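Subject: A structure for you to look at

Hi,

Here is the structure I promised to hand over. Have a look at it first, and then read my notes below.

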Amino acid sequence: MNQPMILITMTGADRPGIIAAMTGQIAAAGARIRDIEQTVTHTLLSLSVVIDFPPGDSNQKPLIKDLLFLAKEWGLDLDFQVLDEQDYRRRTGRNSYVVTILGGEVNALALAGISALLAADQVNIERISKLTQGQLRCVELLINVPLGLDVKGLSRKLLSAGAELGVDIAVQKESLNRRAKRLVVMDMDSTLIQIEVIDELARLAGVGAQVAEITHRAMNGELDFQSALRERVALLVGLPATALEEVYRTIPFTPGAKTLVRILKRLGFRTAVISGGFTFFTDRLKEELGLDYAFANGLEIADGKVSGRITGAVVDGARKAQLLEEIARREGIALDQTIAIGDGANDLPMLGRAGLGIAFNAKARVREEADTHINQQSLDSILYLLGLSEWEMAELDA
């Protein structure tokens, strides 16, 4: 016969000493704590404890009576219910995921729409946490998913709903690997920085419109990346090498990019930029930001001018994914512990290979194919997906 379990819930104004008083009463009655959780919203406490007793113990009623007196003494409301142990074990079986909701404002309409979608698939929300201060801009939901549910299908529905509601949504398995990411790999153009370098070089070479059109089609996956790159580089022939330095001096970093790298480094992450652009720029970014790795294409310079040719193997989509694997292997990091961030079609293989692939302000095709896409102004918003709160970020970046 299963031993009865009791769920005790106390709510009311929070103050020091409540936990000590309650658990002291439980200990004195010889009961065992099976589960405990407390939250404080502003000054309102909600404390829940699941207890049971040794077989044959008859202290249940005296303990409940003592706890009722204790609650009255502390000005708290107390409720309790008897649980069946088999039902308790079934309901606490873990198939947990974390849903992160990001936006300029996460309003009631967004929360209502997302929670309704979850409820329609019998997904239970177990915990809600706010990760921002002041205005509600990031909320993390811990959900318990029924066994057998198509989680990818659920994620797609949530992403679609998020787009309509004006928020970004990411769904991750709640596991050790989510909390133990160790390597972040980023694209350069339109991700770490706000421009496409080759378009800026083309503007200085007087072929801006031609190159920008090819770039746009290549990033949307309409053209083969390698041939598109060679075609664009050929149009740069004769451009003075000094133009590269001119472009680098005026590069606009994506808001939050430097903060992201600083915080990642303080957390012990390894960092890399892997770009379909040029080593002239990635090498300098590596130096300026203190990145651990930088990979890109070699742009041949002859007699002080761009020759119109690439040197070495082209860093295309397949090569980006391969480099991610090589860095992880060199560092002894599992792929599940890696994050890749990019915006173009040539980033998709890398995003798909990483433990968490994030399409950041990405092209339409990339948003459609990536498991997670974020449309936020600041690159450091990605830190919310690691479970970091705004105040923790501020502490790390102090």
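Two or more residues of the lining of the largest cavity come from each of α8 (197-205), α10 (225-234) and β10 (270-278). Those labels are DSSP runs numbered from the N terminus: helices are H or I with at least four residues, and strands are E with at least two. Before going on, note that this is a predicted model, where local features need pLDDT of at least 70 and side-chain atom pairs count only at pLDDT 80 or more, while totals for chains, interfaces and linings use all residues. Residues are numbered from 1 along each chain as its sequence is written, and side-chain values use heavy atoms, with hydrogens and water left out.

Back to the cavity. Searching the whole structure turns up one cavity of 30 Å³ or more, and the volume of the largest cavity is about 140 Å³. On a 1 Å grid over the protein atoms alone, a cavity is a set of points where a 1.4 Å probe fits but cannot get out; a pocket is an open set with protein on both sides within 12 Å along at least five of seven lines; and lining residues have an atom within 4 Å of a point. Grid points are joined across faces, edges and corners, and a volume is the space filled by probe spheres set on the points.

Which element gives the most to this lining? That is β10, with four residues. There are 16 lining residues, and D189, E196, F225, G276 and G277 lie nearest the centre of the largest cavity. Six of the lining residues are nonpolar, four polar and six charged (Ala, Val, Leu, Ile, Met, Phe, Trp, Tyr, Cys and Pro count as nonpolar, Asp, Glu, Lys and Arg as charged, and the others, Gly among them, as polar).

**Helices around it**

Two of the lining helices also pack against other helices. The axes of α10 and helix α9 (residues 208-219) come within 10 Å and cross at roughly 170°. (Axes are lines fitted to C-alpha atoms, for helices over the stretch in contact, and angles run from 0 to 180 degrees between N-to-C directions.) That makes α9 roughly antiparallel to α10; angles under 35 degrees count as roughly parallel, over 145 as roughly antiparallel, 65 to 115 as roughly perpendicular and the rest as oblique. On the α9 side, V211, I214, T215, A218 and M219 meet F225, A228, E231 and R232 of α10, where contact means heavy atoms within 4.5 Å. This contact has six nonpolar, one polar and two charged residues.

As for α8, its axis and that of helix α11 (residues 242-249) come within 10 Å, crossing at roughly 125°, so α8 and α11 are oblique to each other. E200, L201 and L204 of α8 make the contact with A243, L244, E246 and V247 of α11. Five of these residues are nonpolar, none polar and two charged.

Now try the second largest pocket, with a volume of about 510 Å³. It has 22 lining residues, and V171, Q172, K173, G355 and D371 are the closest to its centre. Among the elements giving two or more residues are β8 (168-173) and β14 (356-360), but α5 gives the most, with five residues. The lining divides into seven nonpolar, eight polar and seven charged residues.

Cheers
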